Amino acid sequence: MKKTLLSASAVCLAMAVPFGSVMADENADLIINGELEITVRAPAPAHMEGSGISEIMSGWVFRATETQAFEMDDFENPGMIFTEAAIDAWNTVEGEAGESCASCHGTPEDMAGVSAVYPRWNEGAGEVRTMTTQINDCRTEQMGAEAWDYDKNDMLNMQALLASVSRGMPVDVAIDGPAAETWEMGRELYYTRTGQLDLSCANCHEQNYGNLIRADHLSQGMINGFPTYRLNNARLNGVHSRFRGCVRDTRAETYSVGSPEFVALELYVASRGNGLSVEGPSVRN
């Protein structure tokens with residue numbers, strides 16, 4: 001794949017060069033454990049008309065062959081280790097109500113499909129909730145337990161577990177009805193240039209995907225694989241922490257994890273992946 005660099009500021013930042021075939025096999029198919037087929041390419045959702053992208057692709061497609069291989073076998077995927085800790089937490093009674101996750105929800109496998117539809121509008125709360133905010137609502141309101149920190153170990157472990165039981169299911173994030181206002185806010189953030197480098201999310205992930213930036217292969221920025229185990233920091237990483245890193249790279253003031261801005265951006269970016277499979281916990285650079 002070769003794409004034209006469209007942003008002068010992107011050139012200054014990235015010194016991006018056309019992608020070479022030695023980096024990854026973009027035609028590879030992701031089949032986990034030899035049997036679980038993951039959709040890593042799909043037609044772009046209708047709301048992306050005019051973006052110049054007709055086919056959406058998982059970040060897995062853009063990884064080096066060696067990195068791709070980690071995700072094809074659960075015994076090789078380091079992210080799967082953290083799901084085991086989450087299973088213990090799932091069955092642990094916490095809080096004043098004397099409840100566990102299992103008390104209400106049964107087994108983790110009974111939650112298959114849940115990760116595919118988040119973020120989503122919560123009618124009772126009158127807001128869009130991410131998986132993180134919904135988990136913490138269960139902990140504080142149903143269990144009487146303390147909330148977990150956003151994008152920290154306990155929360156990311158649980159998200160990895162819930163994602164793992166939904167792997168292979170299509171992302172289907174709703175953006176209509178009362179969620180539309182938040183989605184529009186996220187869309188505006190996605191296309192707004194920020195920072196000293198005057199860059200938006202779209203400059204990299206819509207206009208320059210497939211190119212190299214600082215020796216990294218730019219993807220379309222899909223989040224269907226989160227939480228993701230990153231080889232460069234050897235731990236699970238959350239969506240909002242990844243957003244913070246991207247915003248900082250533009251040399252701009254960034255938002256906090258869990259902020260209304262990042263909730264809106266998560267909803268918008270998640271909807272760009274509608275049709276891809278839930279893939280987490282994935283493995284990335």
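This is a predicted model: local features need pLDDT of at least 70, side-chain atom pairs count only at pLDDT 80 or more; totals for chains, interfaces and linings use all residues.
Good morning. A pocket, in this talk, is an open set of grid points where a 1.4 Å probe fits, with protein on both sides within 12 Å along at least five of seven lines.

Let me begin with the general idea. Rolling a probe the size of a water molecule over the atoms shows where empty space is left.

In this model, the largest pocket holds about 1100 Å³ of space. Its lining consists of 41 residues, and those closest to the centre are H205, L218, R242, C246 and D249. Which helix gives the largest share of that lining? The answer is α9, which contributes 5 residues. Other elements that each supply at least two residues include the helices α7 (180-191) and α8 (201-205), as well as the strand β12 (282-284). Sorted by class, the lining of the largest pocket comprises 18 nonpolar, 15 polar and 8 charged residues.

I now turn to the second largest pocket, whose volume is about 290 Å³. Here 18 residues form the lining, and N233, R235, N237, S241 and R242 lie nearest the centre. You will recall R242 from the largest pocket, where R242 is also among the residues closest to the centre. Helix α9 again deserves attention, as α9 gives the most to the lining of the second largest pocket, with 5 residues. Helix α6 and strand β11 (235-237) each supply at least two residues as well. The classes in this lining are 5 nonpolar, 6 polar and 7 charged residues.

How many cavities of 30 Å³ or more does a search of the whole structure find? The search finds 1. About 360 Å³ of space lies in the largest cavity. Of the 24 residues in its lining, S115, Y118, I223, F226 and E266 are the closest to the centre. Four helices, namely α5 (131-143), α6 (153-164), α9 (239-249) and α10 (260-272), each provide at least two lining residues. Among the elements, α10 gives the most, with 3 residues. The lining of the largest cavity divides into 15 nonpolar, 7 polar and 2 charged residues.

Let us move to a single residue. A252 is located in the loop between α9 and α10. Is A252 buried or exposed? Its relative accessible area is 19%, and buried means under 20%, so A252 counts as buried. Leaving aside residues up to four places away in sequence, A252 touches T194, G195 and V247. L267 is 15 residues from A252 along the chain, and the C-alpha atoms of the two are separated by 21 Å.

The axes of α3 (residues 81-90) and α6 come within 8 Å and cross at roughly 100°. Angles from 65 to 115 degrees count as roughly perpendicular, and α3 and α6 are therefore roughly perpendicular to each other. On the α3 side, the contact is made by F82, T83, A85, A86, I87, A89 and W90. On the α6 side, N157, M158, A160, L161, L162 and S164 take part. By class, this contact has 10 nonpolar, 3 polar and no charged residues.

Thank you for your attention.

Terms used. Residues are numbered from 1 along each chain as its sequence is written. Side-chain values use heavy atoms; hydrogens and water are left out. On a 1 Å grid over the protein atoms alone, a cavity is a set of points where a 1.4 Å probe fits but cannot get out, and a pocket is an open set with protein on both sides within 12 Å along at least five of seven lines; lining residues have an atom within 4 Å of a point. Grid points are joined across faces, edges and corners, and a volume is the space filled by probe spheres set on the points. Ala, Val, Leu, Ile, Met, Phe, Trp, Tyr, Cys and Pro count as nonpolar, Asp, Glu, Lys and Arg as charged, and the others, Gly among them, as polar. Buried means under 20% relative accessible area, exposed over 50%, partly exposed in between (1.4 Å probe, protein chains only). Contact means heavy atoms within 4.5 Å. Axes are lines fitted to C-alpha atoms, for helices over the stretch in contact, and angles run from 0 to 180 degrees between N-to-C directions. Angles under 35 degrees count as roughly parallel, over 145 as roughly antiparallel, 65 to 115 as roughly perpendicular and the rest as oblique.
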